[in-house]
Amino acid sequence: MIVHFADPELVHSLQRIIEFLGTFAFAISGIRHAAAQHFDWFGGFVCGIAVAIGGGTIRDVMLGQTPFWMTSPMYILCTALAQVFVVLFAHYLKRLDNAWFAFDTLGLALFTIAGIQKTLSCGHPFWVAIIMGCITGAAGGVIRDILLNKVPVIFHKEIYAMASVAGGLLYWAMFKMGISLPVTVITVFLLICIIRFLAVKYHISLPILKSEESEGNS
């Protein structure tokens, strides 16, 4: 099923803007995590680019498309700009304990939207678009955590990927109601960010799986 939901030029332009902003936000998140582990500048850049392009690369390969970052040097330059930003303003960022969380949340929301839009433009149904939106938004963080030798955040009880799924479902609902693309994008972006912020602030989480051993110990 091919979904025609807006002017192709508008969709393409909006997608490029979202991907650029998402790349910048995710790159900063990755570089900040690398800095906390005392990586050098090169290690920080590798971690930043892995977060920034990881999810989108997996998405594009699954969709049979050329990975988005191979079509323009803009994304590599964007990551380099993010590294310069972190280096220059490291002193100020240190005062913001939750700065990495804010950038990570922004990247999740932006890349979820980009993943949904690109999947729909390739002619796939909405259920595929929602899955691809989640992969685009969350897979980069998985790669980052593996590089940093951490358990990926999406496997924790903290709500992360589910915020992306909720955003995808809202995108689908607003499309069905015929709401304009710019309004849909802004609303979905805000929903994902609000879910993440509220989940962390009020410690909202999904139920934890319990094994037989843990039940026995309890």
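Asp60 has a relative accessibility of 0%, so it counts as buried; "buried" here means under 20% relative accessible area, "exposed" means over 50%, and "partly exposed" is what lies in between (1.4 Å probe, protein chains only). Lys118 comes in at 12%, which means that it counts as buried too. These two residues form a salt bridge, with their closest N and O atoms 3.1 Å apart. Lys118 sits in helix α5 (residues 99-121) and Asp60 in helix α2 (residues 41-63), so the pair ties together parts that are 58 residues apart in sequence. To count as a salt bridge, a side-chain nitrogen of Lys or Arg has to be within 4 Å of a carboxyl oxygen of Asp or Glu. The general idea is that side chains of opposite charge can pair when their charged atoms come close.

Before going further, a word on what you're looking at. This is a predicted model, in which local features need a pLDDT of at least 70 and side-chain atom pairs count only at pLDDT 80 or more, while totals for chains, interfaces and linings use all residues. Residues are numbered from 1 along each chain as its sequence is written, and side-chain values use heavy atoms, with hydrogens and water left out.

Now the big picture. What is the chain built from? It has nine helices and zero strands; both are DSSP runs numbered from the N terminus, helices being H or I with at least four residues and strands being E with at least two. Of the chain's 218 residues, 46% count as buried. A contact means heavy atoms within 4.5 Å, and among contacts between residues at least 6 apart in sequence, 76% join residues at least 24 apart. The chain exposes about 11,500 Å², and carbon and sulfur atoms supply 69% of that area; accessible areas come from the Shrake-Rupley method with a 1.4 Å probe, and for residues only the protein chains shown count as cover.

Back to the charges. How many salt bridges does a search of the whole structure find? The count is six. One of them joins Asp104 and Arg144, with the closest N and O atoms 3.0 Å apart. Asp104 is in helix α5 and Arg144 is in helix α6 (residues 126-147), so this pair ties together parts 40 residues apart in sequence. Asp104 also has a salt bridge with Arg196, where the closest N and O atoms are 4.0 Å apart. That pair links distant parts of the chain, since Arg196 belongs to helix α8 and Asp104 to helix α5, 92 residues away. Arg196 and Asp104 are both buried. Elsewhere, salt bridges that share partners join Glu19, Arg59, Asp60 and Lys118 into one network.

Why should α8, residues 181-201, span 30 Å? Its 21 residues at 1.5 Å a residue give that figure, and the end C-alpha atoms are 30 Å apart, which agrees; the expected span is 1.5 Å times one less than the number of residues. Its buried residues are Leu181, Thr184, Val185, Val188, Ile192, Cys193, Arg196 and Ala199. They cover an arc of only 155° around the axis, which puts them on the same side of α8; the arc is that of the directions from the helix axis to the C-beta atoms. On the face turned away from that buried side you'll find the exposed residues Ile186 and Lys201.

Next, follow the chain past α8 to His203, in the loop between α8 and α9 (212-217). His203 has a positive phi of about 55° although it is not a glycine, and with a relative accessible area of 70% it is exposed. Another histidine to look for is His38, in the loop between α1 (8-36) and α2. Phi of His38 is positive as well, near 65°, and at 73% relative accessibility His38 counts as exposed.

Finally, step into helix α2 and find Thr57. Its side chain reaches the backbone oxygen of Ile53 at 2.6 Å. The side chain of Thr57 also makes a polar contact with the side chain of Trp69 (2.9 Å). A polar contact is a pair of N or O atoms within 3.5 Å; within protein, one must be able to donate a hydrogen and the other to accept it, and residues adjacent in sequence count only if both atoms are side-chain atoms. Leaving aside residues up to four places away in sequence, Thr57 touches Pro67, Phe68 and Trp69.
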